[in-house]
Amino acid sequence: MCTVQAHSHSLVPTPTPILRRVRETEDVFSVSINVGETSAEPGQFNMLTVFGAGEIPISISAICKASGETVHTVRNVGGVSQVMAQLRAGDEIGVRGPFGRGWPIDAAIDKNVLIVAGGIGLVPLRPVLQHCLSHAGHFRDIVLLYGARTPEDVLFRDELAVWEQQGRLKVELSVDQCDPTWQGNVGVITPFIARQQIDFDNTVAMVCGPEIMMRFACDELRRQGLAEASLYLSMERNMKCGVGFCGHCQLGPHFVCKGGPVFSLAELSPWIGRAEL
Amino acid sequence: MQTIEQLLAAHPFYLDMKPEYLAELAACAQLKVFKANQKLATVDQSADAFYVIRSGRVAIELETPPRGRITLQTLSTGEVIGWSWLFPPYRWEFDVRAIDTVHTVALDGKCLRGKCNQNLEMGWDLMQRFSRIMAARIKATRLQILDVYRAGA
Amino acid sequence: MTECRKWNVEHLQTLLDVLNAQGYCIYGPQLRSDAVVYGEIDAIEQLPAGWHDQQSAGSYRMDSDGDPQLFGYALGPQSWRKYLQPPRERLWSAKTNTDTQAITVSESKPAGKKMAFLGIRACEVHAIDIQDDVFLNGTIQDNRYAARRENLFLVAVNCGHVVSTCFCTSMGEGPKVDAGFDLCLTEVYKNGEHFFAVAAASDCGRSVLQVCGSAKLSESDKRLVTKVERDARLAVEQNVQLNTEGIEQLFYNASDSEYWQELADRCLSCANCTMVCPSCFCSNTTDSGDVSGRKFERWQQWDSCFSADFSYLHGGSVRASTASRYRQWLSHKLASWQQQFGRSGCVGCGRCVSWCPVGIDLRAEVQALRLRSHNADD
């Protein structure tokens, strides 16, 4: 697990022009920027400022170490994200980061990598997939279980299809709702965990999605014998500063912004599932 | 070639079931293959069997005017479909349709009920297996109706 | 630490003059609106001579008995936090270049003036030390806080007046200031004699002490000083204490307790406790732009875990109920702070007790929680 130190002016955003804005689904878009050489690791996030509107934490959805191009995928839920959705290439956004502790890629070496994603939760896991697939020899089976609301909400569909066709990745995709044209799976993603024919004793699971979905996934993964220390989740709390100063993102003793957003279930289990914590 | 008994023993639903029970159940079973789009079950029709899915995928559906056919859930290899045979009036409450070619072991409901009434211990074993599936499906359904991926959820 | 020396009241004015000449902006206690508050001072006449506070749960009042003591009060509502982390300040401003459309961001640097705090108490020195854990001692430093903190000159005062809300002894520091100051005073007023014992604990402090001049404390002076310090300690120890034994486990086990709802039935969720607490550090930011759409600013302001949007995620607040917010505040302060920073976040100043409009006293609440958990174990 890596902790990356932010630069000293960590509360001041750096204006950075948008290279591209791509519409992913009806309410999800991606913003690419070039931050030069980046230390960003899969699972970390940046704080993005829309000048005059505000600042929001956004997961990094792709990192190109060589070129410094960093992609952020954002769900338009109103407020700052709604204004960001209107920006065009060349417009400047403020960038702070990268922040937080990312996914434990090293802990997954020589093991199966089981990724369970729900909805927009696929975004911080996409760099893990990219990393694992480009270092395929380092890992055993790489499996993605991905639940989405409807077929139209499925993110990175083409990319996933290519990876799957190349035989590098097993993808199980399931939607909650669909029309009769959908030929894929329907139903929540968590029951798919039990159906995987993998050696759970040699598996690292990485889970990201709505909190309740993650709890169901953890139940199932534990039932399959996965140790809490091999099970990682990316948590969402109200992250405002990214560096543990503002206090907003606390979850029990954890500052989600700097101790997380990725935690092992062993670290989290005393604190999740408790009302209003 | 595997016997039906062996096929059942290899299926997760029958994990660790006593061999004598498997032999009893196999006597009520036959292999059945459904082509894509073929129905395994139709609403209100007599529920004569339940299906152990050996391969392929099925959809549990409802015809809901004016939206048309809605898929509520899909099930695939390693799962079972159908418990309407267990209780009167023994009628299907949903449509079940094969999405692709589906290989199943079909277990005859009337035959099973008879065997379970004679051998209550075996009936209890089978009932526990069904209950576990029902509980898991209810849990999944609850999560599904939460619609956790909608904006602002 | 050098040997204690003797100052009379005039020396204190010399101290202000010396610090002023060295470029310090001096903040000290003053009486305003019937309360002791901190503000800029340059003359000892501004100090609250003769004023003594009486405090209890939900109550604070000042009385004057005409004696000349300058530090005869315990604690006012404000903490020194307001100078190290201002309640509201601009973090940066930005503007768009009309030709290139490029945005330039300028950090709003804290005013460079060195600060001196006169009259800081043991619990407050302790609180600054705790805030240092948050802003200075982690892997990432808050350079604004660091700049303010760097040249801070602390003139501490050992308490000679103790109120019923004081429980610093429970939290391991005070009422005598043991470390972390430049100069430390003990005020003595006995039999018409009024003087200070002064100790220096830093090179800065020693040099200022030398410039100010001082006299030797006689043996009888020393006895009077010791008596003031001992009496204060005895007075705090006689107050209701906060029992911190096993407190992390207590709070962890009590996280689902019905007691939080009973507390919430009294709590107004007004956030006073967090505003007067000297170790609370939470903040929020607000962005704005002018009508031209070319100039932007970000302001930071104190925030409280009692505010509705503190725990906001799109769709709602994680902590919607007062019960959950109170639990967050108290559990963080007394329990999870230990896991975060290796010590409690409470210094025992008792401000949250005095300034709670409904008189919630955390010492009593912790005790009640203990009784509950004890009864639950039976």
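Let's start with strand E9 of chain C, where C:Phe153, C:Val155 and C:Val157 point one way, C:Leu154, C:Ala156 and C:Asn158 point the other way, and all of them are buried. By buried I mean that 20 or more other C-beta atoms, placed from the backbone, lie within 10 Å of the residue's own; 12 or fewer makes it exposed, and in between it's partly exposed. E9(C) covers residues 153-158, and six of its six residues are buried, so to speak a mostly covered strand by the definition I just gave. Strands (E, at least two residues) and helices (H or I, at least four) are DSSP runs, numbered from the N terminus.

Before I go on, this is a predicted model: local features need pLDDT of at least 70, side-chain atom pairs count only at pLDDT 80 or more, and totals for chains, interfaces and linings use all residues. Residues are numbered from 1 along each chain as its sequence is written, while chains are lettered from A and ligands numbered from 1 in the order in which they are written.

Back to E9(C). Which strands pair with it? Strand E8 (residues 114-120) of chain C pairs with E9(C) in the parallel sense over four bridges, and strand E10 (residues 183-190) of chain C also pairs with E9(C) in the parallel sense over four bridges. Pairing here takes at least two DSSP bridges between the strands. To pick out some residues, C:Phe117 has C:Leu154 of E9(C) as its bridge partner, and C:Asn158 stands opposite C:Thr186 in E10(C).

Now the core. A nonpolar core is a set of buried Ala, Val, Leu, Ile, Met, Phe, Trp, Tyr and Cys residues joined through C-beta atoms within 7 Å. The largest one has 224 residues, and the members touching the most others are A:Ile115, A:Val116, A:Ala205, A:Val207 and B:Val58. Helix H3 (residues 122-135) of chain C gives this core its largest share, eight residues. As a general point, nonpolar side chains in soluble globular proteins tend to be buried together.

What does A:Val207 touch, leaving aside its neighbours within four places in sequence? The contacts of A:Val207 are A:Val116, A:Met214, A:Ala217, A:Cys218, A:Tyr232 and A:Leu233, where a contact means C-beta atoms, placed from the backbone, within 7 Å.

Staying in chain A, look at helix H2, residues 126-134. Buried there are A:Arg126, A:Pro127, A:Val128, A:Leu129 and A:Cys132. Their cover includes strand E4 (54-63), strand E7 (112-118), strand E8 (142-148) and strand E11 (203-208) of chain A.

Zooming out, chain A has seven helices and 15 strands. Of its 277 residues, 55% count as buried. Chain A's C-alpha atoms fill a box of roughly 50 × 45 × 40 Å along the principal axes.

Chain A is divided into domain 1 (14-99) and domain 2 (106-268), with bounds from an automatic or database domain assignment. The C-alpha centres of the two domains lie 21 Å apart. Where they meet, 19 residues of domain 1 are in contact with 18 residues of domain 2. On the domain 1 side, E4(A) gives the most, with six residues. That side has nine nonpolar, six polar and four charged residues. For those classes, Ala, Val, Leu, Ile, Met, Phe, Trp, Tyr, Cys and Pro are nonpolar, Asp, Glu, Lys and Arg are charged, and the others, Gly among them, are polar.

Last stop, chain B. It has four helices and eight strands, in the order α-α-β-β-β-β-β-β-β-β-α-α along the sequence. Buried residues make up 30% of the 153 residues in chain B.

How many residues of chain B are in contact with chain A? There are 21, and they meet 23 residues of chain A. Strand E5 (68-76) and helix H4 (120-146) of chain B each give two or more residues to that side, and E5(B) gives the most, with six. By class, the chain B side has 11 nonpolar, seven polar and three charged residues.

Methods. Contact = placed C-beta atoms within 7 Å.
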